[in-house]
Amino acid sequence: MSFQVLLRLLHLFAVVAFLGDIAVTAIWRLLADRTREPRVIVYALRLVLITDKYLLMPSSLVLVVTGLLLAHLRDIPIWSIPAYAVAQILFMLSGVLWNLVLRPIQGKQLAIAESLGASGERFDEYLLLTKRWLRWGILTMVCAFGSMALMVLARDT
Ligand code: HEM
């Protein structure tokens with residue numbers, strides 16, 4: 001197996017981990033909220049922190065490193081080909097949204113969920129944050145999945 005094929009494989013494994021993590025995290029978070037059970041919600045939010053750390057962040061790093069190496073080895077001018085350029089901008093935008101909007105909301109929600117008593121006093125506040133998280137999360141997903149679509153389309157340009 002050539003080095004380029006190995007890099008392409010790594011790039012694609014990272015795509016699977018990156019997009020898979022984003023999609024599955026959203027689903028289990030929303031399902032946990034539906035139980036209205038503080039212990040389940042706290043558990044789900046803590047799992048999000050773990051998968052962000054061990055799946056999302058490493059896969060993003062692998063995407064950047066293997067992507068840049070592939071571009072270099074294959075002489076692909078990634079900033080001159082519009083599809084690659086926009087794909088990269090969307091990828092960066094998804095990272096900015098995740099870091100500046102989604103992560104802080106998740107942090108606030110974990111703090112609220114940990115303080116939720118049997119009365120569920122702050123649950124409405126928690127759910128409002130879920131709504132906001134979902135709106136921004138959908139935009140982040142559009143950026144991340146759009147980035148993948150453009151990377152695939154870029155090959156034909
Ligand atoms: C800085 C970030 C990135 C750079 C520099 C980059 C660069 C590249 C390059 C140069 C290729 C062509 C490889 C080849 O033909 O041998 C490629 C392919 C690909 N990239 Fe990226 N990439 C990045 C991020 C991403 C992200 C975030 C995704 C998905 C969310 C992604 C998905 C793909 C896919 C699916 C292919 C295969 C396309 C095909 O073979 O049809 N890449 N990338």
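A: Met151 is partly exposed, with a relative accessible area of 28%, while His11 counts as buried at 14% (buried is under 20% relative accessible area, exposed over 50%, partly exposed in between, using a 1.4 Å probe and protein chains only). Bear in mind that this is a predicted model, where local features need pLDDT of at least 70, side-chain atom pairs count only at pLDDT 80 or more, and totals for chains, interfaces and linings use all residues. Residues are numbered from 1 along each chain as its sequence is written, and side-chain values use heavy atoms, leaving out hydrogens and water.

So what do these two residues do here? His11 (NE2) and Met151 (SD) are the protein donors of the iron atom of the ligand, 2.1 to 2.4 Å from it (donors are N, O and S atoms within 2.8 Å of the metal, or 3.2 Å for Na, K and Ca; water is not among the atoms, so sites may look incomplete). His11 sits in helix 1 (residues 3-35) and Met151 in helix 4 (residues 123-154), so the pair ties together parts 140 residues apart in sequence (helices are DSSP runs of H or I, at least four residues, numbered from the N terminus).

Six donor atoms around the iron atom of the ligand subtend angles of 84 to 179°, so the arrangement is octahedral (six donors, opposite ones over 155 degrees apart and all others between 65 and 115).

Now the helices: helix 1 and helix 4 pack at about 160°, with axes 11 Å apart (axes are lines fitted to C-alpha atoms, for helices over the stretch in contact, and angles run from 0 to 180 degrees between N-to-C directions). That makes helix 1 roughly antiparallel to helix 4 (an angle over 145 degrees).

Terms used: Tetrahedral: all angles 85-135°; square planar, octahedral: opposite > 155°, others 65-115°. Helix = DSSP H or I, 4+ residues; strand = E, 2+ residues; numbered from the N terminus. Parallel < 35°, antiparallel > 145°, perpendicular 65-115°, else oblique.
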